[in-house]
Amino acid sequence: MSKFATQRIWLSAMFFVAYLTCPAQGTSVVLNSDSSGWHLMRNGAKHDVHGAGAKSHFDILENAGANSIRLWSTNKSALLDSAHKRGMSVMLGLYLRPERTGMDYNDEYAIQGQLLELKQEVLKYKDHPALLLWGIGNEVDLQYTNTRVWDAVEELAAFIHEVDPHHPTSTVLAGIDPAKIHMVRTHCPSIDVLGVNAYGSIERLPLNIRRFGWEKPYLVTEWGVNGPFEAPRTTWGAKKEPPGGVKASTRLRRYQEIIAADSSMCLGSYCFLWGQKQESTATWHGLFLSDGRATDGVDAMHKAWRGDWPDRRAPSIQNIRLNSLGWRKDHVLLPHSEVAIDIDLEDWGGELRWQCALFPESTSKKTGGDRQQSLQEIPTTFSQSDEDGISFLAPEDPGAYRIFVTVCRDERACSTANIPFLVKR
Amino acid sequence: MRLLGAIGCVALWLVCGSMHHVSCQMYDVDLTSTPEERVLSFPHRQIFMDFENSTMFGFKAHPCKRVEFPKENSIEGDNHVAIEWLQTDDCRYLGIGFPWAQYVGKNLKGIENIAAIQFHIRLETGSASKLPMFFALVDYAGKQANSKINLLNVEGQRLDDTWRKVVIPLSTFKAASKGVNLANIKELRIEFQREGFVHLDAIQIVPFQHEVKRLSPRGSVCQDLPVQLDSNKLWWGLESNTVQWMQPSDGTSLALNYNRNGIDKAWNAFGVALNDWETLDMSGLYSSSALTFELQGQWAPMTVAIWSAYGAPRRIQQQLTEDHCLQTSEGVWRCALPIKGFEQFELFKWKAAREVRVTLTDDIQTQLSKFEWKEYRGHPGKPMRWLERQMR
């Protein structure tokens with residue numbers, strides 16, 4: 001073997017070692033601005049955030065064209081590795097306790113203890129190669145009264161700038177108003193990027209960002225369909241959830257017309273939620289069902305990120321009716337009366353199967369996406385009433401209920417819809 | 001007689017003197033003992049030293065939790081508690097409890113501010129900045145007050161696989177605010193969430209001085225009117241062609257130039273912070289006050305709203321009509337919006353007033369000046385009369 005060849009092998013080995021050790025040294029993320037606006041540069045390349053709030057289904061996420069996930073805290077740090085394995089970046093949350101959970105931002109002991117914990121988390125994860133930016137607090141402004149929380153946000157952001165100059169800082173607001181923008185601008189000068197969770201309010205977000213005076217870039221850190229807190233209600237207070245197909249169309253429109261359209265200030269977004277959670281219903285925000293099957297919302301995100309639809313699209317429920325009345329109406333039924341359910345469905349082939357399930361109406365008063373208990377299904381017999389419809393007997397006991405219909409293609413890709421109803425004598 | 005009196009006085013002095021002396025001796029212990037001595041004299045200081053000499057529950061086999069009492073590497077007594085847990089939907093509550101001193105009702109009231117629960121903790125492996133463990137003092141009525149580990153009071157300010165001493169000041173449980181009777185405490189509970197594996201030992205009550213530092217609340221109280229809404233205040237929504245200061249140096253007149261079909265049609269709102277976006281307590285003044293201003297040029301309806309920082313409703317508003325404005329000369333109107341004319345003004349959180357916002361609803365070209373929140377002594381439904389009186 002020649003000396004030259006030996007040198008080549010030695011250099012290759014060096015590069016290999018360097019490749020292995022590089023991730024441990026982390027990545028460099030910077031914010032640039034030019035005449036076209038703000039850009040997030042990751043290791044020198046432009047990184048438009050096509051992200052999701054995700055803890056699972058990474059293969060589908062990657063296939064749909066996403067390049068980033070958002071974590072709300074460092075509790076599930078293994079997800080940083082999962083994201084990294086797939087070449088995705090992570091917006092890593094530092095969980096600042098919101099005032100609404102009992103945190104007192106006039107209590108120095110509580111504040112400093114919390115900051116000490118979070119500073120240790122920063123030091124622990126700052127060199128992770130998947131780290132894109134820090135998310136300091138999530139919705140600490142929701143139902144808050146004490147503006148000193150912004151001092152805590154700033155202390156962490158300034159600390160991050162000191163120990164981790166390679167990753168921008170952000171804080172995530174529950175929607176914006178002039179006061180919140182002022183607070184972040186003046187009390188948190190070390191915040192580089194504003195994170196905004198916006199559901200119904202996303203429609204005016206680009207306008208309001210400018211009107212309220214935010215001049216740095218922003219990320220839409222949670223978005224999707226209008227949340228349960230914004231939904232129209234029945235006379236007995238049940239929230240009306242749009243059918244899956246309507247929600248999927250809303251997602252796609254909001255992405256194309258609002259998020260992607262504001263490329264000068266908006267660095268991208270994290271759709272909510274790449275998974276499933278109970279928030280008023282089991283299907284409101286989740287792009288997956290509780291058993292892990294994907295919905296038509298996933299296809300909408302595929303179209304948003306990749307520009308085309310997936311090969312095997314899920315069916316899409318456009319409307320659901322009880323006794324011929326649509327989902328926007330109030331439905332009051334007699335105990336034990338026969339009820340017909342039917343839906344308007346768009347489908348793209350494959351074998352379709354229906355599934356119906358009856359649940360009691362949720363009584364949770366939780367806010368801000370706080371954890372809610374899953375509900376127990378009420379055993380019910382459903383029968384085929386005609387070609388397009390299914391019927392069942394309303395419960396004997398008066399009260400508030402909700403009927404769910406799920407249609408799946410080849411047992412995998414589904415669409416759901418539900419209608420709340422009241423049983424009254 | 002005088003002699004008798006003198007003897008009586010001497011006797012009384014002797015009796016009083018000796019009584020005084022006796023009582024001083026009785027209180028000497030409490031009055032001169034240090035806080036440390038008072039805590040050390042508390043009879044039920046040991047909560048857990050080892051399993052055999054402690055009262056404990058929650059240690060039986062459980063699908064989500066495993067509690068053991070290893071002998072090796074203990075701090076006090078023959079063994080310590082090792083607990084491994086994994087919370088799932090099937091086990092929402094995971095905990096252990098110490099009804100220490102054989103369930104006797106413990107009176108912690110006298111030592112609440114001078115004592116802490118101290119224990120040693122180590123992780124099975126690795127390190128953490130926080131643990132999903134919550135400590136609760138439970139009284140005999142079943143009420144409980146919670147606290148948790150604060151890294152400031154962890155030896156070395158880190159949690160890892162070596163024993164570290166932790167103190168949780170009793171005052172951080174904030175028992176009174178939770179309605180817990182500290183004079184009759186039944187047990188200490190530790191609740192576990194998510195997952196973890198820790199070792200605990202030598203749980204006891206120790207003397208501890210916890211320095212409570214409280215920051216003063218922000219926000220202020222409005223002491224008198226008028227409040228000038230001029231350029232000395234913080235405004236938003238002025239960065240368009242629709243709304244701008246007439247002369248920046250003047251800072252009292254806004255030029256409103258709104259076209260519902262123009263390119264800036266969405267920029268139809270602007271607002272002013274009453275107190276640098278902190279709250280301004282208007283509760284003592286709002287009921288006899290009004291928002292007043294002058295329009296020069298053109299009159300048009302607009303919506304004026306007052307926003308609070310919190311509470312419901314967050315916003316009360318009123319539509320400006322011709323009944324609110326008195327034309328004082330050609331193209332000049334003086335306007336007043338009495339606060340009692342705002343819908344739901346009684347429900348508004350006046351302690352937390354924060355912003356006045358104007359939304360332009362119609363085409364307008366005018367100058368808005370002399371914007372004030374001022375005293376109003378008139379009928380809430382008849383501002384014109386009050387304006388006329390002001391003109392005289």
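Trainee: What makes E4-E9-E6-E7 of chain B an open sheet, and in which direction is the pairing?

Mentor: In this predicted model, the four strands follow the order E4-E9-E6-E7 in chain B with antiparallel pairing, where strands are DSSP runs (E, at least two residues) numbered from the N terminus and two of them pair if DSSP finds at least two bridges between them. Strand E4 (94–98) and strand E7 (144–147) of chain B stand at the edges with a single partner strand each, so one side of each is left without a neighbour in the sheet. From one strand to the next the twist averages 25°, an angle between N-to-C directions, on a scale from 0 to 180 degrees, of axes that are lines fitted to C-alpha atoms.

Trainee: How do you know that strand E6 of chain B and strand E9 of chain B pair?

Mentor: Seven bridges join E6 (residues 133–139) to E9 (residues 185–192) in chain B, and the definition asks for at least two, so the two strands count as paired; Val138(B), for instance, stands opposite Glu187(B) in E9(B).

Trainee: Why is strand E21 of chain A called mostly covered?

Mentor: A residue is buried if 20 or more other C-beta atoms, placed from the backbone, lie within 10 Å of its own, exposed if 12 or fewer do, and partly exposed in between. By that rule 10 of the 11 residues of E21 (residues 413–423) of chain A are buried.

Trainee: Which strands of chain A are joined to E21(A), and how do they run?

Mentor: Strand E20 (residues 399–409) of chain A is joined to E21(A) by 11 bridges and runs antiparallel to it, with Val407(A) as the bridge partner of Ser415(A). Two bridges join E12 (residues 294–295) of chain A to E21(A) in parallel, where Thr295(A) stands opposite Cys414(A), and two bridges likewise join E15 (residues 332–333) of chain A to E21(A) in parallel, with Leu333(A) partnered by Val423(A).

Trainee: What makes up the contact between chain A and chain B?

Mentor: The contact takes 24 residues from chain B and 23 residues from chain A, two residues being in contact if their C-beta atoms, placed from the backbone, lie within 7 Å.

Trainee: Which numbering and which confidence limits apply here?

Mentor: Residues are numbered from 1 along each chain as its sequence is written, while chains are lettered from A and ligands numbered from 1 in the order in which they are written. Local features need pLDDT of at least 70 and side-chain atom pairs count only at pLDDT 80 or more, whereas totals for chains, interfaces and linings use all residues.
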